[in-house]
Structures are given as structure tokens and as C-alpha cells.
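Here's a quick briefing on one strand and on some charged pairs. Have the model open while you read.

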Amino acid sequence: MEGAYARPVENPSVRHSMPRTAAFFDLDKTVIAKSSTLTFSKSFYRGGLINRRAALRTAYAQFLFLAGGADHDQMERLRAYLSSLCRGWDVAQVREIVAETLHDLIDPIIYDEAVSLIEEHHAAGRDVVIVSTSGAEVVEPIGELLGADRVVATRMAVGTDGRFTGEIDYYAYGPTKAEAVRELAATEGYDLARSFAYSDSATDVPMLEAVGRPFAVNPDRALRREAAARDWPVLSFSRPVPLTRPLPALPSRPVLALVAAVGAAAVGASLVRYASRRRRGHAA
């Protein structure tokens, strides 16, 4: 499982004899307000990876993505376009560009509501897992920034020369996301009936079905209909607030027990952090 497509981020999960729970988050338009991959198009242009025409086309794709979401056919066209676009890119250069521009590009578009949810799940002792169709070279640094415990993302094939071949080794999309969730549950001991999942897209219905507590976040039309039919809660995230630091990763189980014992103090500290972040968001 882990060797194929799941990666721990900063804080590998701790084995525990009791059933554990997790919160699985789609990334684009669920945790952040835009497409994570398309957001870096200007940086890739400045780095010489794409020309002006490709940068404009990518900006247009971002506009369409934001305006109406992306159904299956649109996602397939986007996948084919991005696979072709990145053929021949030097992987080390891509990672360097993402690292250099991560805070400037991603910090301002992270939803405040998603940040609060991640903090709440960690405080409750749940692992937080980002499950995204975007490429691992982009998603993994974002997952680290968010304090996620694991990341599942699309993985492009890399040749012996260290460059993308244009082929896809693993495509984290649709039913494949649900398979990843179930495999992680088997290897990590998650109780999916008590676990959570969040997404904005109807293409993630299989992932939402895999857990006992699914939530539709800023849902597209198809997911909104599905949520109404299944009585799934619908959340509206609308406050992108810049982060000033990475979110804390999940502490160890003994530390969590200590936090539970002094819950009032922990809750007070959390409220202070939340209020501070909101003040910074309003001041921005």
C-alpha cells in the first residue's frame, strides 16, 4: 500500500490495538479554494517548464474548474492535457519550484473552515489523510503544510533520467480513491464506519460512501443532488485565510491522553489560535 501510492507526511501513524478513526479530505475546492496543480502554472512558466501559450491555457482551465467544477469527462481531458504537458519535465526542478512558491501560492487559498476541521480531528485523535487527484509533487508539500498524517495522490512515471515520461503510474481518481481509503483502513486499523470524508465533487461519491460520516463541501450540482438524496450533511467553506505556519501534526497517543485530561486548557488554547487566525484573515 504505502510503496504504491500512500505516503506518510511528517507524522507517521502510530499503531494502536483499539480501532482508530481518520478524516479523509479531498484537496481542491475542499481544503483549498482552487486547483492545486493549476495554481502553480505561473511558477512553472517562470521556471521555463511551460511556454506562454500553455500558461494561458492552464489559466483558462483553472477558470473553468472554478466556474463549474469538473465532471468525469472534464477530468479525463484535464488528465490527458497535464500528462502531455509535463512530459520531459525534470522532477527535481518541479519540486524545487513548488517548495519555493508553496507559501506564496497556497497559503492565501486555504479555507479557514477546513483548517479548523483538521485541528478538531487531530484534537480528537484522528489521523488526517489528504486524498487528491493532483500530482504527488504538489500534494505532498501541501499535506505537510496542513499537518496531514498521510497523503494519497496521483503519481506520474519518472524515467531513468529523472524526468516525467508523460505516463501515469497511479491515478487517484473516482473509485480508486475509495480503494485507497479501504486499503489504508486495513493497514492502519481505521474503523471506517466511524471515520469522516469530505469532498466537493460527485466524482468522489465512492470515497464518501466508504465512510460512515461523509460530508459534501461546496458541492457541485451532481454531488448536491446526491447529498440530498442520501441525507449527507452539506458544508459551505468560503473564508480563505493565509496561514503563518504549518499546522501541528497529530501528537502521540500518550500526549493525546494528557490533553484529554486537561481538556479545558487545550480548548482554550485552540480558541485563542482560531481567533488569532481569524483576526489575521480579516486584516488581510
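A salt bridge here is a side-chain nitrogen of Lys or Arg within 4 Å of a carboxyl oxygen of Asp or Glu. By that rule the structure, which is a predicted model, holds twelve salt bridges.

**Salt bridges between separate parts of the chain**
- R20 and E188 pair up through their side chains at 3.8 Å, N to O.
- That pair links distant parts of the chain, 168 residues apart: R20 sits in the loop between β1 and β2, and E188 in helix α8.
- Both R20 and E188 are buried.
- E140 and R155 also form a salt bridge, at 2.4 Å, N to O.
- E140 is in helix α7 and R155 in strand β4, so this pair ties together parts that are 15 residues apart in sequence.
- R155 is buried, as its relative accessible area is 15%, while E140 counts as partly exposed at 25%.

- E226 and R230 meet at 2.6 Å, N to O.
- Both lie in helix α10, four residues apart, or about one turn of the helix.
- E226 counts as partly exposed at 26% relative accessibility, and so does R230 at 35%.

**Strand β2 and its neighbours**
- A22 and F24 point one way from β2, A23 and F25 the other way, and all are buried.
- β2 pairs in the parallel sense with β3 over four bridges, where F25 has I130 as its bridge partner.
- Three bridges join β2 to β6, also running parallel, and there F25 stands opposite Y198.

Key:
Residues are numbered from 1 along each chain as its sequence is written. This is a predicted model: local features need pLDDT of at least 70, side-chain atom pairs count only at pLDDT 80 or more; totals for chains, interfaces and linings use all residues. Side-chain values use heavy atoms; hydrogens and water are left out. Buried means under 20% relative accessible area, exposed over 50%, partly exposed in between (1.4 Å probe, protein chains only). Helices (H or I, at least four residues) and strands (E, at least two) are DSSP runs, numbered from the N terminus. Two strands pair if DSSP finds at least two bridges between them.
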